[in-house]
Amino acid sequence: MRGEILVAGIGNIFLGDDGFGPEVIRHLAVDDSGLPGGVRAIDYGIRGMHLAYDLLDDFDALILVDAVPGPGEPGELIMLEIGIDDLGRGDFDAHGMDPVAVLTAVPKLGGELPRTYLVGCRPADVDDGIGLSAVVQAAVPPAADAVRRLVEELQASRSMTGRS
């Protein structure tokens, strides 16, 4: 898989705005501008073990797309670069999707965490129910655009360093 970028949509579509990551992946799949070659966009939902094992394929970069509770206005987008030192211990649950636990599991499984980024959105509602709130749904296209820009930057920096 050398040279590829993985875009991972994570979240539970049955918990309202927690389904933000999968919805952005769906948007990227149906949008005409899509993603360039060398990029795999996958809706992992709550399949943490699946993502952890896929990360053993030696990707150059990982872009997580997820709802991120915390301070800020619902619908606000957050972009971060995440390093292994940012993660702490993270207890892994093979039946869940705690992003910190999944990322900390990769070295324990014998892999190396690639350059990792987060495109996140502050949720308005993560109660039981299918479908995003209006404010988080409105953040989907800008989040998809942010993913595309980040992919372009990563591919440009890779080509400047001579990697293919």
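Student: In this predicted model, which residues of the largest nonpolar core touch the most other members?

Tutor: The model is a predicted one, and its largest nonpolar core holds 25 residues. Among these 25, the residues that touch the most other members are Val 7, Phe 20, Val 24, Ile 63 and Val 147.

Student: Which element supplies the largest share of this core?

Tutor: At least two core residues come from each of β1 (5-10), α1 (20-30), β3 (61-67), β5 (115-121) and α4 (134-160). The largest share amounts to ten residues, and the element that supplies them is α4.

Student: What is the order of the strands in the open sheet?

Tutor: The sheet is open, has five strands and shows mixed pairing. Its edge strands, each of which pairs on one side only, are β2 (39-45) and β4. Reading across the sheet, the order is β2-β1-β3-β5-β4.

Student: Do β4 and β5 run parallel or antiparallel?

Tutor: Strands of a sheet can pair in either sense through backbone hydrogen bonds. Strand β4 (residues 77-82) is joined to β5 by six bridges, with Ile 78 having Gly 120 of β5 as its bridge partner. For β4 and β5, the sense is antiparallel.

Student: Why is β5 described as largely enclosed by the rest of the structure?

Tutor: A residue counts as buried when its relative accessible area is under 20%. Strand β5 is largely enclosed by the rest of the structure because, of its seven residues, the number buried is six.

Student: What is the bridge partner of Ile 5 in β3?

Tutor: Strands β1 and β3 pair in the parallel sense, and five bridges connect them. Within β3, the bridge partner of Ile 5 is Ala 61.

Student: At about what angle does α1 run to β1?

Tutor: Helix α1 lies across β1, β2, β3, β4 and β5. Phe 20, which belongs to the stretch 20-30 of α1, touches residues including Val 65, Leu 77, Val 119 and Val 140. The helix α1 runs to β1 at about 130°.

Student: What angle does the direction of helix α3 make with that of β3?

Tutor: Helix α3 (residues 99-108) packs on the sheet, where it touches β1, β3 and β5. The direction of α3 makes with that of β3 an angle of about 160°.

Conventions: Residues are numbered from 1 along each chain as its sequence is written. This is a predicted model: local features need pLDDT of at least 70, side-chain atom pairs count only at pLDDT 80 or more; totals for chains, interfaces and linings use all residues. Side-chain values use heavy atoms; hydrogens and water are left out. A nonpolar core is a set of buried Ala, Val, Leu, Ile, Met, Phe, Trp, Tyr and Cys residues joined through side-chain atoms within 4.5 Å. Buried means under 20% relative accessible area, exposed over 50%, partly exposed in between (1.4 Å probe, protein chains only). Helices (H or I, at least four residues) and strands (E, at least two) are DSSP runs, numbered from the N terminus. Contact means heavy atoms within 4.5 Å. Two strands pair if DSSP finds at least two bridges between them. Axes are lines fitted to C-alpha atoms, for helices over the stretch in contact, and angles run from 0 to 180 degrees between N-to-C directions. Lists of a residue's contacts leave out its neighbours within four places in sequence.
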